[in-house]
Amino acid sequence: MPDTSDAHADLDLRLVRYFVAVAEHRHFGRAAAALHIAQPALSRQILRLEERVGARLLERTPKGTELTEAGAVFLPRAKALLRAASQAVIQTRAAAEPTALTVGYTTGLIITPAVRAVRRRHPDAEFHTRHLAWDDPRTALLEHRVDAVVARLPFATDQLHVTILFDEPRLLLVSADHRLAGRERVTLDDIADEPTPRLPDPAWNAFWRIDPRPGGHRPPEGPFVESLEDKLELVAAGVAVSIAPAGAMATNSRPDLVTVPLEGVEPGHVVLATRAGDKNRLVAAFRTAAQAHLATPHVPDPPSPAEA
């Protein structure tokens, strides 16, 4: 293998991508099939990369292909290089005159008035909307799957620009035959012994279970759930009660669930989040439209059928 003293080697990203494919498949034949190229051509391209790097990266064995010591060092750096190149393209396109906008939203939040307003002002732009899971807003933004998202706090807001659109009361969600179902209002003392479902996200648990409660005591632990539907089933069955956002009530019509106003609890916040420093003119236009059209939500009067 030729030795090279060039510390600033120019790497062909296509060759780097080929190397990563072989390293992940541990087999030249399978990697070639995945890349839709002939195996001999792939072997030649890997040899070119090794010559440019100045080290053997892969070793053929009777069982397939293994990384050399140098290959094991190069692999994570090769992946990082490909990710950086992809992000460079994405961010450069975003900095150019944008022609498209994708807006995300979570369950029970209506973004139509703001989207309509932006479409009227920018008729030549392309608009998309995407429903997101309750725990996906930040990741969807940072992965550039959406450019803006309307969602409920809490979620991590570092690297984001967050604008509060409106406050949203928190209500108690119970089964229709629960002892508290007919009450005009309840307090946390009324549910001190009631278990509430737990979710995977600690910040979400702390806010929506109100954990810890005033005085520092912990609420009884309810069943662990990962989906909204499972939580609704548990509440309807009388296994647990749940604290729910008022605005989500309009999206569910289950007759076996009712909500009761919850007193003495700070409201939640519905926010518009975008990537920090995003100069996309359509993002700015949507922020203006969201503040104008989404800041006064329609919330039905409780009690009524509800969604957590």
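Predicted model: local features only at pLDDT ≥ 70, side-chain atom pairs only at ≥ 80, totals over all residues.
Student: Why is Ile210 called buried?

Tutor: The relative accessible area of Ile210 is 11%. Buried means under 20%, and therefore Ile210 is called buried.

Student: Why is His144 called partly exposed?

Tutor: His144 has a relative accessible area of 21%. Buried means under 20% and exposed means over 50%, with partly exposed in between. The value of 21% lies in between, so His144 is called partly exposed.

Student: Where is His144 found, and what is its phi?

Tutor: His144 lies in the loop between helix H6 (137–142) and S5. Its phi is positive, at about 60 degrees, although His144 is not a glycine.

Student: What is the phi of Ile210, and in which loop is Ile210 found?

Tutor: The phi of Ile210 is near 50 degrees, which is a positive value in a residue other than glycine. Ile210 is found in the loop between H7 and S9.

Student: Which kind of peptide bond, cis or trans, runs from Asp211 to Pro212?

Tutor: That bond is cis, and its omega is near 10 degrees. Pro212 lies in the loop between helix H7 (202–208) and strand S9 (221–224).

Student: What is the omega of the peptide bond that joins Leu153 and Pro154?

Tutor: For Leu153 and Pro154, omega is about 10 degrees, and the peptide bond is cis. Pro154 is found in the loop between strand S5 (148–152) and strand S6 (160–168).

Terms used:
Residues numbered from 1 in each chain as written. Heavy atoms only, no water. Helix = DSSP H or I, 4+ residues; strand = E, 2+ residues; numbered from the N terminus. Buried < 20%, exposed > 50% of the residue type's maximum accessible area, 1.4 Å probe, protein only.
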